[in-house]
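Here is a short briefing on one structure. It covers a pocket and some aromatic pairs.

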Amino acid sequence: MITTRALTKRFGHVEAVCSVGLEVREGDRYGLLGPNGSGKTTLVRMLLGLVYATSGEITVLGQRIPRHAGRALPDIGALIEEPAAYPHLSGRANLRLLDAAGPGGSRRTRRARIEEALERVGLAGIDRRPVKAYSLGMRQRLGLAAALVRRPRLLVLDEPGNGLDPRGIKDIRDLLIELNSAGVTVFLSSHLLGEVSALCTRVGVLDHGRLVLQESLAELQKPTGRVLVETQDAERALALLDGHVERRDGPHLVVRDPDPAGLNARLVGEGVRVASIAQQRRTLEEVVLEVTGAGSDQFGGGGGTSPPSPPRSPSPSTPSPSPRGTGHEVPGA
Amino acid sequence: MIGVELFKLFRRPRTWITAGLICALPLIVAIFVATTHLVPPPGQGSAFLSAVLQDGQLYPAAALALVLPVFLPVAVAIVAGDSIAGEATGGTLRYLLARPVGRTRLLVAKLIAVIAFVLFAIVAVTLTSYATGVLILGPSRAAAVGESPGSGISGSIAPGAGGAPTAGLSAGGAVTSLSGAPLTVLQLAERVIGTVAFITVSMLGVAAIALFLSTVTDSAIGAAMGALATLVGSEVLVTLNAAAVVQPYLPTRYWLAWIDFFRQPILWRDIDRGFGIQAVYVVVFLGAAWANFATKDITA
């Protein structure tokens with residue numbers, strides 16, 4: 001759906017996006033993560049033909065961007081940074097105007113499509129109030145409705161959760177998952193890890209304009225081959241699993257073993273009382289913090305000035321120095 | 001897209017307020033003139049003003065001459081300066097372009113909306129000032145003026161005195177040209193259309209400059225002020241004898257040449273030059289606007 005090759009954008013001497021090779025496949029829910037100023041918005045704008053690349057190629061829905069953007073864009077619904085609308089007009093009037101402004105929006109079906117989009121985002125009941133009277137959350141929903149009016153095949157959403165309360169974020173997440181299961185590919189950028197890990201199936205991480213990671217979420221969060229065990233009988237377990245325990249911290253053990261069920265049976269069989277046992281998985285946060293430096297809104301210090309690391313896919317065989325398990329924080333590790 | 005732009009233009013309260021203000025100025029002037037009967041002598045002050053006391057039906061011409069130097073250009077500069085920069089500031093520009101609306105297409109639609117605004121404003125001024133003229137100044141005061149020759153406005157009775165822009169109503173009821181010869185209704189209609197066309201083209205020159213600046217900056221007020229600064233600069237140079245070398249090329253040099261439409265025969269020299277110089281400004285600045293906008297990174 002979206003492919004970029006060696007995509008680079010320079011603003012003067014600043015390299016905002018550097019040699020990015022994005023790949024979004026049909027049916028993905030792709031989350032583009034990155035600290036503030038990492039180039040997410042510039043990348044999204046290039047995909048939509050708003051900003052012209054310095055070098056590199058972009059293909060969206062099989063069309064070259066920006067040359068044939070006019071053929072691809074009618075099938076794309078976009079939310080670019082904040083939503084925008086004419087403040088003195090009502091939400092419906094805004095959607096009508098935007099739909100009438102470009103190709104691919106039949107006048108005959110316009111009313112029905114607008115009502116459907118408004119209903120989907122939870123604004124079916126809005127009255128004739130002008131948009132300037134809307135709350136931030138309502139504007140965000142209206143922006144999403146505008147993206148949905150033409151029933152797009154691809155959604156490109158820049159920070160879709162902005163301005164929404166937890167309820168609204170959940171609504172939008174459910175909506176995106178529902179649309180995705182109906183065949184819509186979703187590409188969103190965010191700096192909220194929790195949002196991306198709850199919604200996306202594939203993740204790309206942008207840091208200082210470089211794509212430092214691009215992998216499916218399942219692959220990133222697959223078991224590390226270690227098991228986290230909590231037991232009062234840590235000494236006995238240590239003796240029993242001699243050589244397999246990588247670290248011990250009080251009752252908490254990190255055991256190198258790919259099979260938690262087998263390990264559990266063995267420990268219990270030997271009379272070790274197991275309080276909890278779980279496969280160790282890396283969190284998205286760990287993965288992202290490992291591959292990114294300091295955000296570019298930080299100046300001075302170390303991380304920001306170090307050369308960005310090349311694209312790589314962290315694998316369980318080369319774990320980060322201190323992997324921690326979900327829900328099994330090891331104090332002082 | 002053109003329909004969308006026209007809808008946006010005429011649904012904006014600003015459009016109506018601006019047009020209202022433009023129409024209000026001639027109304028205020030008419031009230032003062034009607035109550036005091038004091039007008040500038042022919043050849044001085046605003047064109048046609050000395051003639052309207054004899055015939056209120058001429059007031060539209062005087063009204064256009066009143067609003068053209070300042071009011072109308074300010075309004076046009078604001079509307080045209082806002083056209084792209086305003087969308088950029090509001091954030092709607094990126095959604096329009098991602099909709100997608102081609103950049104050239106958007107620029108053309110904006111230009112047509114500005115032309116529509118200019119025509120709307122001119123027609124509104126013409127109609128309201130005609131009504132004002134007839135209702136406040138009266139349909140024909142030639143007789144009344146003639147009865148009181150000592151009233152200080154007798155100079156305006158002689159049409160075309162000193163080549164000054166003044167016109168009057170002949171005894172037969174036909175409108176006379178500035179040169180004194182009577183005009184038929186058909187001739188008058190032709191000349192009014194010619195006037196509207198000339199003023200529209202003059203305002204298009206302003207619009208082209210403002211539209212170009214509007215694609216350069218994301219600040220609507222900056223674009224409007226830039227265009228107005230150009231016009232004020234031009235007006236200053238037009239009155240400066242030392243700048244005679246560049247005067248034929250200044251955008252405001254021939255702005256009032258439409259007065260020549262009301263001479264018999266029409267004095268084409270300045271009108272032609274006015275059309276010519278405005279065409280050059282329009283082509284150059286619209287070309288620059290297009291070249292800039294079509295290649296610009298939209299980061300707003």
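Rings of Phe, Tyr and Trp count as a pair if their centres lie within 6.5 Å. By that rule, ring pairs link Phe10(B), Trp16(B) and Phe120(B) into a cluster. The model is predicted.

**Aromatic pairs**

- The whole structure holds nine aromatic pairs over all chains.
- One of them joins Tyr30(A) and Phe187(A), a stacked pair with 5.5 Å from centre to centre and 25° between the planes.
- Tyr30(A) sits in strand β4 (residues 29–33) of chain A and Phe187(A) in strand β9 (residues 185–190) of chain A, so this pair ties together parts 157 residues apart in sequence.
- Tyr30(A) is buried, at 0% relative accessibility. Phe187(A) is buried, also at 0%.
- Trp16(B) and Phe120(B) form an edge-to-face pair, because their ring centres are 5.1 Å apart and their planes stand at 75°.
- Trp16(B) belongs to helix α2 (residues 13–36) of chain B and Phe120(B) to helix α6 (residues 103–137) of chain B, so the pair ties together parts 104 residues apart in sequence.
- Trp16(B) is partly exposed, at 47% relative accessibility. Phe120(B) is partly exposed too, at 22%.

**The largest pocket**

- The largest pocket holds about 430 Å³ of space.
- Its lining has 25 residues, and Pro83(A), Ala84(A), Ala85(A), Arg139(A) and Tyr95(B) lie nearest the centre.
- In the lining, 15 residues are nonpolar, seven polar and three charged.
- α3 (91–101) and α5 (136–148) of chain A, with α1 (2–11) and α5 (92–98) of chain B, each supply at least two lining residues.
- α5(A) gives the most to this lining, with six residues.

Terms used:
Residues are numbered from 1 along each chain as its sequence is written. Chains are lettered from A and ligands numbered from 1 in the order in which they are written. This is a predicted model: local features need pLDDT of at least 70, side-chain atom pairs count only at pLDDT 80 or more; totals for chains, interfaces and linings use all residues. Side-chain values use heavy atoms; hydrogens and water are left out. On a 1 Å grid over the protein atoms alone, a cavity is a set of points where a 1.4 Å probe fits but cannot get out, and a pocket is an open set with protein on both sides within 12 Å along at least five of seven lines; lining residues have an atom within 4 Å of a point. Grid points are joined across faces, edges and corners, and a volume is the space filled by probe spheres set on the points. Helices (H or I, at least four residues) and strands (E, at least two) are DSSP runs, numbered from the N terminus. Ala, Val, Leu, Ile, Met, Phe, Trp, Tyr, Cys and Pro count as nonpolar, Asp, Glu, Lys and Arg as charged, and the others, Gly among them, as polar. Rings of Phe, Tyr and Trp (its six-membered ring) pair if their centres lie within 6.5 Å; planes under 30 degrees apart count as stacked, over 60 as edge-to-face and the rest as tilted. Buried means under 20% relative accessible area, exposed over 50%, partly exposed in between (1.4 Å probe, protein chains only).
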